[in-house]
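Thanks for coming. I have one model to show, so let me put it up.

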Amino acid sequence: MLNFTVGPVMSDDEVLSIGGEQVPYFRTQEFSDIMLENESIMKEFVNAPDASKVVFITGSGTASMEAVVMNVFSPKDKLLVVDGGSFGHRFTEICDIHHIPYTAITPKRGHTVTPEMLQQYESKGYTGLLVNIHETSTGVLYDAKLLGEFCQRNNMVYVIDAISSFLADHLDMTEVGADVIITGSQKVLACAPGISIIVLSERALKRVWNNETKTMYLDLKSALKNAERGQTPFTPAVGILRQINARLRRIKKNGGASTEISKIKLQAEDFRKKIIGLPFEIVSESMSNALTPLHPTTASAHEIFLKLKDNYGIWICPNGGDMKDTIFRVGHFGALTTDDNDTLIAAFKDLQLKGDI
Ligand SMILES: *Cc1c(COP(=O)(O)O)cnc(C)c1O
């Protein structure tokens with residue numbers, strides 16, 4: 001299998017071998033030590049202020065998106081939500097379910113949020129902003145600094161879903177003044193799906209402690225209390241947390257977050273160079289290193305996805321909804337090399353020879 005999707009992606013051998021081991025009992029000092037180390041490396045990799053805390057939720061990325069909305073905000077808030085694709089739209093749906101008032105900012109597909117678009121929301125009493133900093137469905141990377149400055153001027157709580165951007169793009173929680181950063185196990189961390197991670201600033205923590213939240217499983221108060229000693233309220237996905245530990249340690253040993261980001265950037269640049277001449281158009285004005293969103297000009301995107309999967313054993317990432325036939329995405333993270341890019345390009349050229357694209 002050669003997997004260029006946006007998660008789950010291919011894991012390295014070290015992570016794979018942990019997946020084949022027995023899952024240990026977890027109410028032990030040994031497991032607590034792993035969790036405390038996971039917290040400390042996570043904080044280092046996003047440059048979180050000292051007083052920040054990290055919570056590991058057993059649940060995919062959406063569980064942490066919902067946990068953040070429920071625990072950090074209340075119906076007394078008034079949020080801005082960047083809704084530029086399916087992940088941004090998911091934040092609006094979560095706000096609807098939990099009766100959190102919001103206004104959606106809706107940049108055109110493939111476009112970023114500009115200072116002009118933000119202007120009308122200055123000094124209007126908004127208390128928080130939710131953004132998927134890399135809107136994975138369209139491949140647009142928003143400007144974290146621009147949004148951060150806007151939040152700072154307006155004294156707003158700044159929530160970044162960086163699920164597909166963490167370790168692919170430069171992200172500095174202190175520099176951009178973020179209060180919450182969310183990521184997940186199956187994107188650039190390239191582990192099995194099932195764990196999502198929330199980094200909370202001091203201000204976000206204060207909101208959590210003062211908030212009345214009606215949930216048991218996603219209650220961040222009990223998660224935070226347990227996290228103090230490296231534990232979780234309920235049985236976590238122990239095996240995945242051990243995989244995450246191996247990955248975080250390995251990345252740290254290899255030079256840290258910036259080295260991993262450079263590696264993915266090279267992988268993306270290599271691919272973007274090699275597709276020149278193929279009948280594909282890049283459809284985002286501001287891209288993450290994580291993936292390249294492409295519009296095939298001569299064939300259906302979904303047909304190309306199916307042919308690569310069924311005839312070549314190569315997975316690219318299809319799109320859903322009204323982008324199904326017009327856009328596919330090629331990911332640049334997981335255990336991929338530039339030789340793998342060559343294999344994919346050769347398959348594209350073969351399809352071209354056959355008249356399929
Ligand atoms: C993958 C992803 C998620 C989480 O999706 P799950 O399927 O719940 O893991 C959320 N936001 C973004 C931007 C993503 O790329």
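This is a predicted model: local features need pLDDT of at least 70, side-chain atom pairs count only at pLDDT 80 or more; totals for chains, interfaces and linings use all residues.

Residues are numbered from 1 along each chain as its sequence is written, and side-chain values use heavy atoms, with hydrogens and water left out.

Start with I160, which sits in strand β8, residues 157-161. Helices (H or I, at least four residues) and strands (E, at least two) are DSSP runs, numbered from the N terminus. Is I160 buried or exposed? I160 is buried, because its relative accessibility is 0%. Buried means under 20% relative accessible area, exposed over 50%, and partly exposed in between, with a 1.4 Å probe and protein chains only.

Leaving aside residues up to four places away in sequence, I160 touches V131, I133, A144, L171, V176, A178, V180, I181 and I182. Contact here means heavy atoms within 4.5 Å. From I160 to K273 there are 113 residues in sequence and 30 Å in space, C-alpha to C-alpha.

Now the backbone. Most residues other than glycine have a negative phi, and most peptide bonds are trans.

Which peptide bond is cis? The one from G7 to P8, with omega near 0 degrees. P8 is in the loop between β1 (2-3) and α1 (13-19).

L167 is not a glycine, yet has a positive phi of about 75 degrees. L167 lies in the loop between β8 and α7 (173-176) and is buried, at 2% relative accessible area.

A190, also not a glycine, has a positive phi of about 55 degrees. Its loop runs between β9 (180-184) and β10 (195-200), and A190 counts as buried because its relative accessibility is 4%.
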